[in-house]
Amino acid sequence: MKIISGTIIDHESTLTFEEICRAIHAEDQLIVQLIEYHIIQPKGASKTDWQFDDIALKRARLARNFYYDLEVNFEGIGLLVDMIERIGALENEIEKLRQKY
Amino acid sequence: MDFKDYYQILGVSKTATLDEIKKQYRRLAHKYHPDISKEKGAEEKFKAMKEAYEVLKDPKKRKAYDQMGSGYHGGDSFTPPPGWEFDGATQQGPRQHHAQADFSDFFESLFGQNKTGARHHQSFSQDGQDQHSKIQVALEDAFTGCKKHIALSINGASKELNIKIPAGIINGQQIRLTGQGSPGIQGGKNGDLYLEIHIQKHPTFTLDKKDVYLTLPVTPWEAALGEKIEVPTLGGTIAFTLPANAQTGQKIRLKGRGLPGNPPGDQYATLAIYIPEPKNAEQKALYEKMKMEMPFNPRKSR
């Protein structure tokens, strides 16, 4: 079977506005609102230049799930996404501290 | 296909009010939402709940489900009644439309827009949807890069792929495979597949993005004299000379020894001094000698 390579999404290989909408199955309007509420921040000044990196993709996916599944408003979604990131960082820190040889 | 008892799945009675159904969904969603929950099988449970809620919260769907489903029990073999047509589709807001992305065949056969047969009649072209999946990668494989065989289900069809995981991928990062998502219809473009990388926990090393952390045990003399020791890294063991008078908790930075990349990550070794247990009188005497000749109170030196 053929071996296929993909592209790692990072700060250099980014997604356009249309691509991120399709990637997370979100309406255009939802992504625009996530930007307005500072939940995700694209690079670029206007809609046609917008670039979404791996962090934006991850946060947008979480936000999208909360939006469709939990009926939470945007203030709540922003808070949840930030909290989940913080919990992740703390769990990682705990793991480092607990590490034994 | 199996009949699904949506009331049982959501844990409400057949006579539950819309308000009770909403409350119960919210309660369960907080517990089982896969992005929040630590419960086992949360993802599967939540998917089933979401589907049940989609039907029971919509009076038209609920009525149709109740009429059609009376007499069935969860798990019974089920085929939709001949000529079954659900035309009560309420004007759907975007929230609903997107939520239905991956409901069961049972749901699709009753309320879906892609009801059996519908696909064949479609005459306009439509792009395939992007798909999302997760893939587990061992830390060693993330370091060296590897090939992975994955099997996944896309729109009910199973698909197998051999993919290349490049060296130095970070936990949580996504790989985009162009054209490997849902197939397009009538000449529409294929969707893409996004694979989220989960680097598995390792007994010795911990990750922070591209940096690697390790606790390194050393002897008192290695630490005091600043001796040359061997340090395990993902790329193999390397020799390292400790600074003299190194202490427990001190972090040694091995530049560029983390996950590869541009720039590569570093490795941090946190020293932990382990004392040898004196096993006979002579060895005990050594400690006694140290006590006499090297008066030291670490609680005062701080």
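Mentor: Let us begin with contact: two residues are in contact if their C-beta atoms, placed from the backbone, lie within 7 Å. This is a predicted model, and by that cut-off 30 residues of chain A are in contact with 33 residues of chain B.

Trainee: What makes up the side of chain A that touches chain B?

Mentor: At least two residues each come from β1 (3-5), β2 (7-9), α1, α3 and α4 of chain A, and α3(A) gives the most, with 8 residues. By kind, the residues of this side divide into 13 nonpolar, 7 polar and 10 charged.

Trainee: Why are β1(A) and β3 (residues 157-165) of chain B said to pair?

Mentor: Two strands pair if DSSP finds at least two bridges between them; β1(A) and β3(B) have 3 bridges, in the parallel sense, and therefore they count as paired. Within this pairing, S5(A) stands opposite K164(B).

Trainee: Why is the largest group of 30 residues called a nonpolar core?

Mentor: The name applies because its members are buried residues of kinds such as Ala, Leu and Ile, joined through C-beta atoms within 7 Å. Among those that touch the most other members are I20(A), L57(A) and A60(A).

Trainee: Which elements give two or more residues to this core?

Mentor: They are α1 (17-23), α2 (28-36), α3 (54-70) and α4 (74-98) of chain A together with β5 (193-199) of chain B, and the largest share, 8 residues, comes from α3(A).

Key:
Residues numbered from 1 in each chain as written. Chains lettered and ligands numbered in written order. Predicted model: local features only at pLDDT ≥ 70, side-chain atom pairs only at ≥ 80, totals over all residues. Buried ≥ 20, exposed ≤ 12 C-beta atoms within 10 Å, placed from the backbone. Helix = DSSP H or I, 4+ residues; strand = E, 2+ residues; numbered from the N terminus. Nonpolar A, V, L, I, M, F, W, Y, C, P; charged D, E, K, R; others polar.
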